[in-house]
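Biologist: I have the sequence and the structure open. May we go through the contacts together?
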Amino acid sequence: MSLFHANAGQAEIIRTVQKDQEHIEYVRTALSDVLLMLSQRHWFRYNALCKLIAEIMYHHYAILNNLQTLGEEYTGIIQVDANYVMLPNKALQLLAILLEYGGEHVVERVLTYLQTEIDRSEELLETVKDGLHKLIDTLRVVVPYIRGFHTSLFYINGGKYHISKRLTGINYVLIRNWLKEDHSIYGYKVLGYVTLTQLVLALTARYQQYRSQPIPKPKPVPGIRSPTAGRKQSSPGPSSQDARNCALCMDTTQDISVTQCGHLFCWQCILNWLDQRQICPICRETIKKTRVVRLQNFFSNNVGMD
């Protein structure tokens, strides 16, 4: 018997996703704290993966044990197959989770790989290479908008909130169908049209910005050194180079910034750190993001004095 008449609405699905995200964030925070206790260097290098690991662990545990997620249990919905007849098999559910949380990363890696192979190819003409690079750059810009358009369609028509669910055909149905909130459908339709309009305007502005960009300068030919290449070899000694390394990423400091306690870091490194801990990574003094100052031409002045 088909359960299409009991399909979950936008309100139930969104509350499910929000509730799941709360529990995933709890797991992510715990993983991040454990990683920080092991090593600050490892924390900075791998902390971004904690969210991905937490999301996969959370959903895979529920799938492998034939359980609802805490969000699904909270709203009273379950997953069913494309025909609204039976529960989806575990392989399909696992594939949906991998696509949802790793799909965009895989697409980015594939596009980067294709660009590298195009640059290495000696058989393609330069005009062909330029055309392929423009195509890949366009795809890279469009990919984030696909999720936005899909979300707009969900607000308008309901159905599948995640693109991975649409690709795998997994649907949601309400266990207690009489609790379905039909009165909220029109509000979500308005939200969908507003979101869709915003995406169209943003995409139009992005296209106009792309058309107004100047023609980029030709890339240097591999194997030919630029006039400034020799300057990098005449750098100061190891002690001076070590002093220029960021204590968080252990690499040459980019966009050098200073904290109120006087320590220097990369601009993005220290901001990412302060998103998690409001203390200096070196002296452990309490600092704030609003007190971090981005220095200009700091290294260039030092190089001129060496």
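**Salt bridges and ring pairs**

Modeller: Please bear in mind that this is a predicted model. Arg294 is partly exposed, with a relative accessible area of 39%.

Biologist: Which side chain does Arg294 meet in a salt bridge?

Modeller: Arg294 meets the side chain of Asp255, at 3.1 Å from N to O. Asp255 lies in the loop between α10 (238-243) and β3 (256-258) and Arg294 in strand β5, so the pair ties together parts that are 39 residues apart in sequence.

Biologist: Is Asp255 buried, partly exposed or exposed?

Modeller: Asp255 is partly exposed, its relative accessible area being 42%.

Biologist: How many salt bridges does the structure hold?

Modeller: The structure holds 10 salt bridges. One of them joins the side chains of Glu100 and Arg147, at 3.1 Å from N to O. That pair links distant parts of the chain, with Glu100 in helix α5 (residues 90-120) and Arg147 in helix α6 (residues 126-157), 47 residues apart.

Biologist: What does Glu108 form a salt bridge with?

Modeller: Its partner is Arg140, and the closest N and O atoms are 3.0 Å apart. Glu108 lies in helix α5 and Arg140 in helix α6, so this pair ties together parts that are 32 residues apart in sequence.

Biologist: Changing topic, how many aromatic pairs does a search of the whole structure find?

Modeller: The search finds three aromatic pairs. Among them, Trp43 and Trp273 form an edge-to-face pair, 4.9 Å centre to centre with 80° between the planes. Trp43 lies in helix α2 (residues 40-46) and Trp273 in helix α11 (residues 267-276), so the pair ties together parts that are 230 residues apart in sequence. Both Trp43 and Trp273 are buried.

Biologist: Which residues do ring pairs link into a cluster?

Modeller: The cluster consists of Phe154, Tyr155 and Tyr161. Phe154 and Tyr155 are both buried.

Key: Residues are numbered from 1 along each chain as its sequence is written. This is a predicted model: local features need pLDDT of at least 70, side-chain atom pairs count only at pLDDT 80 or more; totals for chains, interfaces and linings use all residues. Side-chain values use heavy atoms; hydrogens and water are left out. Rings of Phe, Tyr and Trp (its six-membered ring) pair if their centres lie within 6.5 Å; planes under 30 degrees apart count as stacked, over 60 as edge-to-face and the rest as tilted. Helices (H or I, at least four residues) and strands (E, at least two) are DSSP runs, numbered from the N terminus. Buried means under 20% relative accessible area, exposed over 50%, partly exposed in between (1.4 Å probe, protein chains only). A salt bridge is a side-chain nitrogen of Lys or Arg within 4 Å of a carboxyl oxygen of Asp or Glu.
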